[in-house]
Amino acid sequence: MTTNEEEAGTQMPRISLLQLNDDVLELIVAQLSVYQQFELMQLHSRLRSIVQALWRTRVRNVVILQDELLVRASPGQFQAFIRALSPHLERLSCHQLDVRKLRLLSGFCLRGVTSLEWLGGPPRRGRVRFGDEDVRMLRRVFPSLRQLKLVGCQVTGKYLCELELLRELCLGDCQFLESQHFRDIFRELRQLSKFDIMEDCDEVNCCDLVDVQLCPTLEHIKIADYHLCMESDITQQLLRLPRLHKLSIYSKNFVFDVLTRIARPSNSTAVQLIEGFRFSGLLHDYGRFFREISNLRQLRRLEVHGQSEDGQLQCLSDQILSQLSVQLPELRELHLCGYQLESPAGILQFVTNCRQLRLLDMTRSRCIGDPFIGRCLALLAKQNWRTQPLELWIKQSDISASILQSPRYVISHKLLRIDTKRMKPNLNYMFGILKFSFLR
């Protein structure tokens, strides 16, 4: 046998991707980005059917990134990509996409898309930014749009009022918004239930939002403290909204001012409707903080998430907690997470004074210790009026999880249920947000 014949005889047989069965191919294709899947379906009819089967069941929410593949895509290829996606698409999120790509869709009508996020990149020379005329185009391309989020855009707000079906509007880092357009937004968007202008829209102040009462359908509002704590106070307009269920306010330096305006006794009707309050952040006067909260006498849920300072947890004194427990008799849930407590005595006052208390969350807190369980059980055993056990969350606290097996404590589940695994699911939210929940 010649050398060439020997080499030919030892060559490995050719292996094709198409030799794999459909289940394996589907697992492989599912690891690709949506645009890569689109490119793959152009190569073979079998790959096309697998991609289409994936899209029918899994492609509802699509994120489009300005990656290298998309940069190289011709206008025709991008249009074909969106056209292929359109029968399945409901939510579209564009991250730092060249706005000229979006403008290629000006002749499209994507009726299935109800949610659009446009997350623009940081401004730089030569970058074309999303502007007012692009907002006008959205009405033509996405006629069923219900949710819109614009971040890092060069919009003034001029044409947002034309998106009449909007229920949720979020504007972040939009530095070109103009005051005169907010009146039209609040008046014309008659289905708007959520309005978010919390993030870095410094040019917008409370004077711009003074017409918020023109939108009585609002249920959730997210703003920043400089929208509230100015000479023209819009607190009354916000609190009088008939459907308001959640009010979130981001504050770096005016936490007490915000609390004073919302929880002031003169707002007695609105204060009675506040059933939940949450704050996460760093404070240097918890005495004043809890004094303001004590005005919310009907509060049912209180969440305060601490932030470490120089690696140390902030301390809450027994006196502060004892006074608060007396002033919030309707409390049902208490979340004091990430704090150094003076002793267990302050926390136990809530068990004594809050007859409706059902949940005590001490996640990440310190200076409670295992003896807290014994003292808590002793209190609960005397409360004959209790119809449900108290639920105690202790994950990452200094109460040992092994206490459930300890012979020292005979824990009656009729009195106390200890959970060592559960914690609030959203601990990564932005620090410095005051969130009020209203009972409607």
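Reader: Is Arg60 buried, partly exposed or exposed?
Author: Arg60 counts as partly exposed, because its relative accessibility is 30%. Buried means under 20% relative accessible area, exposed means over 50%, and partly exposed lies in between, with a 1.4 Å probe and protein chains only.

Reader: What kind of model is this, and how are residues numbered?
Author: This is a predicted model, in which local features need pLDDT of at least 70 and side-chain atom pairs count only at pLDDT 80 or more, while totals for chains, interfaces and linings use all residues. Residues are numbered from 1 along each chain as its sequence is written, and side-chain values use heavy atoms, with hydrogens and water left out.

Reader: Which residue does the side chain of Arg60 meet in a salt bridge?
Author: The partner is Glu90, with an N to O distance of 3.6 Å. The pair links distant parts of the chain, 30 residues apart: Arg60 is in the loop between α4 and β1 (61–65), and Glu90 is in the loop between α6 (75–85) and β2 (91–95). A salt bridge here is a side-chain nitrogen of Lys or Arg within 4 Å of a carboxyl oxygen of Asp or Glu. Helices (H or I, at least four residues) and strands (E, at least two) are DSSP runs, numbered from the N terminus. Glu90 is partly exposed, with a relative accessible area of 37%.

Reader: How many salt bridges does the structure hold?
Author: The structure holds eleven. One of them joins the side chains of Glu26 and Arg58 at 3.5 Å, N to O. Glu26 lies in helix α2 and Arg58 in helix α4 (residues 45–58), so this pair ties together parts that are 32 residues apart in sequence. Glu26 is partly exposed at 28% relative accessible area, whereas Arg58 is exposed at 53%.

Reader: And where do Arg136 and Glu162 lie?
Author: Their side chains meet in a salt bridge of 3.9 Å, N to O. Arg136 is in helix α8 (residues 132–141), and Glu162 is in the loop between β4 (147–151) and β5 (168–172), so to speak of distant parts of the chain, 26 residues apart. Arg136 has a relative accessible area of 33% and is partly exposed; Glu162 is partly exposed too, with 21%.

Reader: Which residues are linked in a network of salt bridges?
Author: Asp184, Arg187 and Glu188 are linked in such a network.

Reader: Changing topic: how many disulfides are there?
Author: The count comes to zero, a disulfide being a pair of cysteine sulfur atoms within 2.5 Å. Cys215 is buried, at 1% relative accessibility, and Cys354 is buried with a relative accessible area of 0%.

Reader: Which residues make the nonpolar surface patch?
Author: Leu17, Leu20, Val24 and Ile28 make a patch of about 280 Å². Patches consist of residues with over 30% relative accessible area and no salt bridge; like charges are joined within 9 Å, and nonpolar side chains (Val, Leu, Ile, Met, Phe, Trp, Tyr) within 5 Å. Areas come from the Shrake-Rupley method with a 1.4 Å probe; for residues, only the protein chains shown count as cover. Ile28 is in helix α2 (residues 22–29) and is partly exposed at 37% relative accessibility.

Reader: Finally, how many helices and strands are in the chain?
Author: There are 16 helices and 17 strands. Of the 440 residues, 47% count as buried.
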